[in-house]
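Here's a quick briefing to read alongside the model. Have the sequence and the 3D view open as you go.

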Amino acid sequence: MSYVIEGRTGPWEIVVGLEVHAQVISQSKLFSGAATAFGAEPNSQVSFVDAAFPGMLPVLNREAVAQAVRTGLGLNAHINMVSRFDRKNYFYADLPAGYQISQYEHPIVGAGVIEITLADGSTRQIGVTRLHLEQDAGKSLHDQHPTKSYIDLNRAGVALMEIVSEPDIRSPEEAGAYVRKLRSILRYLGTCDGNMEEGSLRADVNVSVRKHGEPYRTRCEIKNVNSVRFVMQAIEVEALRHIDIWESGGTVQQETRLFDPNRGETRSMRSKEDAHDYRYFPDPDLLPLVLDEAWVAELKAALPELPDAKFARYQQDYGLSAYDAATIIDDMFRARCFDALVARNADPKDSANAILGAFSSKLKDLGIDWPEVLSPDWAHLLEEAAAFLAAKAAGRISNASLNTLLLGMGAEPRGAALEGLIKEREQVSDTSAIEAAVDAMLAANAAKVDDYRAGNVKLFGFFVGQVMKAMAGKGNPGLVNEVLKARLG
Ligand code: MN
């Protein structure tokens, strides 16, 4: 198979593997009780363990382990019942211990798989090699003082899951789909908030190129890319750089690079170190991590419904199109609102149309988003929408009235007034009333009726519109059409 970026890769195939660092949702850090909230005063969330004071001992956070197990289960991955923590040794000013506690040969989660969907609707399975737990480092601040650098250790020791993919990705588009799908699974699981702007999800992108059917060539790793768009752009420019080098007779050097989105290029950061440079060894302060079968089974039983299962259910049980199902599911909170409407017995197809149409525009007017709809302050929106959808399903109101009613929702709950609002828009299904309106309209438009009978069939729509107008929009559209056809036929 050949993947071409706007026709510029020719015989070259792009090969990409991703290492995604996902910050674990947890009240405290991986080995200390310090808090993890984003945006706190620098160095206000640092324990003696995080600052690596002599003699301090790490204590493993059970919730961080549970989150890693949940994530492994959500990625259909093998859970390793015994894993181990290792020290990865390197010096950096924002790493006070001189090593990062990570997992090397025995990660907590082994092989799994993520299914991605591409723009043309086709799917591909991307292998997940492993997931391991490790500490985040602190942050160096170089722009606060002309001659000094500052260190903020709030992030030091925060639990990360490093999720490593197989080199199965073959284009920028597939990489984008992979990161979006992974982020969506993590959000549904509640194990990472996926906020790339805040750094809670960042990707190291390994890129190489090869001629089709050849062995892999040298790869470069682009560090800490923090948006889906940048991941895709970085792969594109890096692959083209490799192709230029190989085609001009040069050799790509293995190295770590940075992506500069402003200049649209990657540049060298340092020559790539190998694992042995880090002198990994088992952390003598921590026992091997042994999981309990029953506890893992409990975590598995409590997993929420994940995007793939929802996608299948929305199509099979509710008859939604793949496009509508995917669009609703793309935002976890929107999917929860949809589920909430269906749980209130609303018709699934009408609910999907409402969620993707009038309900959605209403939220923009109100300046809120789907998470707020699930909060107590706005719970009446779901109640009102369910009542209107029920009226539509019962044939009491037309689709146009349903949309008008949805667009009329506001900050104040209307409670008992709802039934009155529905009554005002109740459609007339009384055939004699519709016949009377049709006859009156035909009599008032005699010339157009002659025109229609002479072959100008486009006028039918005009007639329907006139009847609906005369009936203040309440005529049952199906019956209006039927009566008109009979009279004109
Ligand atoms: Mn890492």
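A contact here means heavy atoms within 4.5 Å. Keep in mind that this is a predicted model.

**Helix 11 and helix 12**

- Helix 11 covers residues 379–393 and helix 12 covers residues 399–407; their axes come within 10 Å and cross at roughly 170 degrees.
- Angles over 145 degrees count as roughly antiparallel, so helix 11 is roughly antiparallel to helix 12.
- On the helix 11 side, the residues that meet helix 12 are Ala-385, Phe-388, Leu-389 and Lys-392.
- Helix 12 answers with Asn-399, Leu-402, Leu-405 and Leu-406.
- Sort the residues of this contact by class and you get 6 nonpolar, 1 polar and 1 charged.

**The second largest pocket**

- The second largest pocket holds about 920 Å³ of space.
- Its lining has 31 residues, and the ones nearest the centre are Lys-181, Ser-184, Ala-326, Ile-329 and Asp-330.
- Two or more lining residues come from each of strand 5 (112–117), helix 2 (172–189), helix 5 (307–316), helix 6 (322–330) and helix 7 (332–343).
- Helix 2 gives the most to this lining, with 7 residues.
- By class, the lining of the second largest pocket splits into 16 nonpolar, 5 polar and 10 charged residues.
- Both domain 1 (4–295) and domain 2 (305–424) take part, each supplying at least three residues to the lining of the second largest pocket.

Technical notes:
Residues are numbered from 1 along each chain as its sequence is written. This is a predicted model: local features need pLDDT of at least 70, side-chain atom pairs count only at pLDDT 80 or more; totals for chains, interfaces and linings use all residues. Side-chain values use heavy atoms; hydrogens and water are left out. On a 1 Å grid over the protein atoms alone, a cavity is a set of points where a 1.4 Å probe fits but cannot get out, and a pocket is an open set with protein on both sides within 12 Å along at least five of seven lines; lining residues have an atom within 4 Å of a point. Grid points are joined across faces, edges and corners, and a volume is the space filled by probe spheres set on the points. Helices (H or I, at least four residues) and strands (E, at least two) are DSSP runs, numbered from the N terminus. Ala, Val, Leu, Ile, Met, Phe, Trp, Tyr, Cys and Pro count as nonpolar, Asp, Glu, Lys and Arg as charged, and the others, Gly among them, as polar. Domain bounds come from an automatic or database domain assignment. Axes are lines fitted to C-alpha atoms, for helices over the stretch in contact, and angles run from 0 to 180 degrees between N-to-C directions. Angles under 35 degrees count as roughly parallel, over 145 as roughly antiparallel, 65 to 115 as roughly perpendicular and the rest as oblique.
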